[in-house]
Amino acid sequence: MAKVRLILDTRKSSKSSNSELFPIALRVYHIKPRMIRLPYHTSKIGWNDKNQSLKKSAAINKTLDCDNINRILYNKLHDAKSLIHELGDGIQYMGIDVLINEIKTRWQDKISPQLKSKMSNGLMLSDWGKVIIERKRKLNKPGSAEWYHYAIKDFIKFNNNKDFPLDQLSVSILKDFEIYKESKGLKPNGINSHIRALRALFNAALYEDKIDVLKNPFKRYKIPSSNPTKKRAIPKETFLKIRTVHYPEGSALWHTKNYALIMFNCRGMNLIDLVKLKKSNINQDRLFYGRSKTGDPLSVKLTHELKQILSYYLKQEYNDGFLFPSNYDGSTLHHEKYKTIRRRVNQRLKQIAQDAGIKEHFTTYSIRHSWATIAKHMGISTAIISEGLGHSSLKTTEIYLKRFDNATLDDANELIVA
């Protein structure tokens, strides 16, 4: 039989960073435990766990109408117990998520629509954002952490520098935010990115039962479409001109040229994955590594050119067994170091492109796009290209290959109409 009781949710992640208080919740145990957070907060001292109620005598509760709140809490507990009693033996065929929803529905049915629209459980955007951002940092995903950070910062700025209850997001507010960002000159891609971050935060809170809403605004609000990014691919014969330029061995430009050719030989490897490589990643004639973005394991057979380039680095001794002098341990702590490496490498690639007579925009990212597009032009299937790039879905790869340049289309048209 399922059990329910009122508790103070004293988990660290539940504590409000502003008030330092914990939320009161209904703990439901049915096969496994779940909690339904309620819109009331207090401290450990202000909660009577035995009686499952607020302490009227606690100083922390002096601004609260404890009698009224305790009555509401009792009624919610009573409704949940009554529902479980009504379900009887049939509850054994009901999953915990279904039971949670049934309890919420029982509560909702007793509240007027007018009052429902005004209710909030008090979970603030910045508080929940800190939880999600901290998780990303612990997982060594600093890029994702920054994505959330800037989206939250911009939304709070839009809200007159005030925090915002997460469960009060609405279609109207999201539309106002969109217009606000557009009026500030932010491009569609930036607006799309910020609102997708808000959606991810909102949906995570829903999934973890941190908030309870009547309607999910993101099911009705259409996030502005992002414009296709400018094509970064470089034709093969143009790209390989970098082989013809020479720099003093050990110089910054010499290393950067090597990095570009290594990334190209490794199926468009990302720079962040390259600078994390260690000698131990090479075993016999293969290079093994995990994609920083997805964690998926990849393996590349060493080409002749790759063996030649790596032979120099395998003889060197860099700190902690790293393969290259521009190393990064992948940690959130040293993410700024990686951003500096990326900026300097892209600056040097610009110089290398100029020296090689390459007019196209040449960055670490264009290397990846170039490998994919060259493969497509050679007739290699999108499925194989997708696996080579380490993409989790064909859709991502199709974005890379969505638009061929005009010259390719012109050649195709000549063949068709000839």
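Predicted model: local features only at pLDDT ≥ 70, side-chain atom pairs only at ≥ 80, totals over all residues.
Residues are numbered from 1 along each chain as its sequence is written, and side-chain values use heavy atoms, with hydrogens and water left out.

The chain contains 16 helices and eight strands, where helices (H or I, at least four residues) and strands (E, at least two) are DSSP runs numbered from the N terminus. Of its 418 residues, 44% are buried, a term that stands for under 20% relative accessible area, with a 1.4 Å probe and protein chains only. Among contacts (heavy atoms within 4.5 Å) between residues at least 6 apart in sequence, 59% join residues at least 24 apart.

Three strands form an open sheet in the order β6-β7-β8, with antiparallel pairing, two strands being paired if DSSP finds at least two bridges between them. Because β6 (282-283) and β8 (297-301) stand at the edges with a single partner strand each, one side of each is left without a neighbour in the sheet. Two bridges join β6 to the antiparallel strand β7 (residues 286-290), and N283 has R286 of β7 as its bridge partner.

The axes of helix α5 (residues 142-158) and helix α12 (residues 335-356), which are lines fitted to C-alpha atoms over the stretch in contact, with angles from 0 to 180 degrees between N-to-C directions, come within 10 Å and cross at roughly 95 degrees. The contact involves P142, G143 and E146 of α5 together with H335, E336 and K339 of α12.

Terms used:
Buried < 20%, exposed > 50% of the residue type's maximum accessible area, 1.4 Å probe, protein only.
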